[in-house]
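Student: I would like to work through this fold with you, one question at a time. Could we begin once the sequence and the structure are on the screen?

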Amino acid sequence: MNDIQYMQLALELAKKGAGYVNPNPLVGAVIVKDDKIIGKGYHKKYGKPHAEVNAFNDLQQPPTNATMYVTLEPCSHYGKTPPCVDAIIKNKLKKVVIGSLDPNPLVAGRSLTKLTAAGIEVETGILKAECDELNAPFFHYITKKTPYVVMKYAMTSDGKIATHTGASRWITGVEARKKVHEDRNRYSAIMVGVGTIIADNPMLNSRIENSKDPIRIICDTTLRTPTNSRILETAKQIPTILLTAAADKTKYQPYIDKGCQIILISCKNNKLDLQSAMQILAKQDIDSIFLEGGATLNASALEAGIVQKVQTYIAPKLFGGASAPTPIAGQGVAHPNQAYLLKNQKITILGEDILIESEVCTCSQELSKKSAQ
């Protein structure tokens, strides 16, 4: 095996921690000596040992003069656990190969300096793009202090998310829906609008084996979520947050009794101030949000400039109908040059369906926001 293959293995290990390490990054580590893997590990759970320590705990022989392949720069500060860089120095490794550098100001290159000072060779940039993509939510959260937001929708090949009667189950097939539940497991929270709760009465949980349920967030400006909805009936088992502008706290008690947390949010243009909401949610260690909110919330999220990534599932079906809903409601932009621009598209085939994942160009969101003002 070569450097790239060892780092690929570290990446696969890192992915095993998806859904359990938030708001920490996903990290995998492989220790190699004389072309043989002698230890490997990954960050399994928030607050527990990091990937490097787990790799040392997995050692089959002394690691002196060995090489470690790790997807992210080892930490150099005390947090929930001691600095991983100290463990590397203590174990007398010869070389450390790093995929991504850590943007956390508490780390940010300090580990490289410390390792080099200890006489350990450091190489960076192996599979950097793949390692960066793996931790895009963490990088955004740690630098912007707001959650990484992924806007997801499924539509037909003619761009409809439901028929003209509102029927939408099922647009996509089994493989695409499985991927959605994997992402519900990966991200800290799932967000919808109250209209989705009223229309569909969803559970918004993750229905794959050994997964965790995301924190459920409902954008409900006037507090009209039905108290007998499935999401409220399970709020004591799955953390559920209501974002509302309803200042009359006498309305809160039925929801509090159900186990919900209520967060009062100000309004802008008669809509919840989603930018403010993101700052508040980030302080609750919510590093990422899976937005499955429907066309109205999708439009508000884009207008507020909070979306970093778009997942577009396309099914080989045609619904037709001028009144059939499309993924993004609202007035929309007036001119093509005001469009929200997407970049770095990644295409995946899931059964008969297609998934297009795109990053949102921040500059285009800012331009669209200014045009709407």
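Student: In what order do the five strands of the open sheet stand, and what is the pairing?

Tutor: This is a predicted model, in which local features need pLDDT of at least 70 and side-chain atom pairs count only at pLDDT 80 or more, while totals for chains, interfaces and linings use all residues. Residues are numbered from 1 along each chain as its sequence is written, and side-chain values use heavy atoms, with hydrogens and water left out. Strands (E, at least two residues) and helices (H or I, at least four) are DSSP runs numbered from the N terminus, and two strands pair if DSSP finds at least two bridges between them. On that basis the pairing in this open sheet is mixed, and the order of its five strands is 2-1-3-4-5.

Student: Which are the edge strands of this sheet?

Tutor: An edge strand here pairs on one side only. Neighbouring strands of the sheet are turned by 15° against each other on average, direction ignored, where the axes are lines fitted to C-alpha atoms, for helices over the stretch in contact, and angles run from 0 to 180 degrees between N-to-C directions. The edge strands are strand 2 (36-42) and strand 5.

Student: Which residue is the bridge partner of Ile 31 in strand 3?

Tutor: Strand 1 (residues 28-33) and strand 3 run antiparallel and are joined by four bridges. On strand 4, strand 3 has a parallel partner, with five bridges between the two, and there Met 68 stands opposite Val 96. The bridge partner of Ile 31 in strand 3 is Met 68.

Student: Is strand 4 largely enclosed or open, and how many of its residues are buried?

Tutor: Buried means under 20% relative accessible area, exposed over 50%, and partly exposed in between (1.4 Å probe, protein chains only). Strand 4 (residues 95-100) is joined to strand 5 (residues 121-124) by four bridges in a parallel arrangement, with Thr 124 as the bridge partner of Ile 98. Strand 4 is largely enclosed by the rest of the structure, because the number of its residues that are buried is six of the six.

Student: What is the handedness of the β-α-β unit made by strand 4, helix 4 and strand 5?

Tutor: A crossover is right-handed if, with the strands pointing away from the viewer, the path from the first strand over the helix to the second runs clockwise. The helix in this unit is helix 4, residues 110-117, and the unit is right-handed.

Student: Which strands stand at the edges of the sheet of nine strands, and why is one side of each left without a neighbour?

Tutor: The nine strands form an open sheet with mixed pairing, in the order 10-9-8-7-13-6-14-16-15. The twist averages 20° from one strand to the next. Each edge strand has a single partner strand, so one side is left without a neighbour in the sheet, and the two in question are strand 10 (261-264) and strand 15 (342-350).

Student: With which side chain does the side chain of Glu 357 make a polar contact?

Tutor: Glu 357 lies in strand 16 and is buried, with a relative accessible area of 9%. Strand 16 (residues 353-360) runs antiparallel to strand 14, with six bridges between them, and Gln 311 stands opposite Glu 357. A polar contact is a pair of N or O atoms within 3.5 Å, of which, within protein, one must be able to donate a hydrogen and the other to accept it, and residues adjacent in sequence count only if both atoms are side-chain atoms. The partner of Glu 357, at 3.1 Å, is the side chain of Gln 311.

Student: What is the relative accessibility of Thr 156, and is this residue buried or exposed?

Tutor: Thr 156 has its place in strand 6, and its side chain is joined to that of Asp 158 by a polar contact of 2.3 Å. Beyond residues up to four places away in sequence, Thr 156 touches (heavy atoms within 4.5 Å) residues including Ile 171, Ile 314 and Phe 319. Thr 156 counts as buried, and its relative accessibility is 0%.
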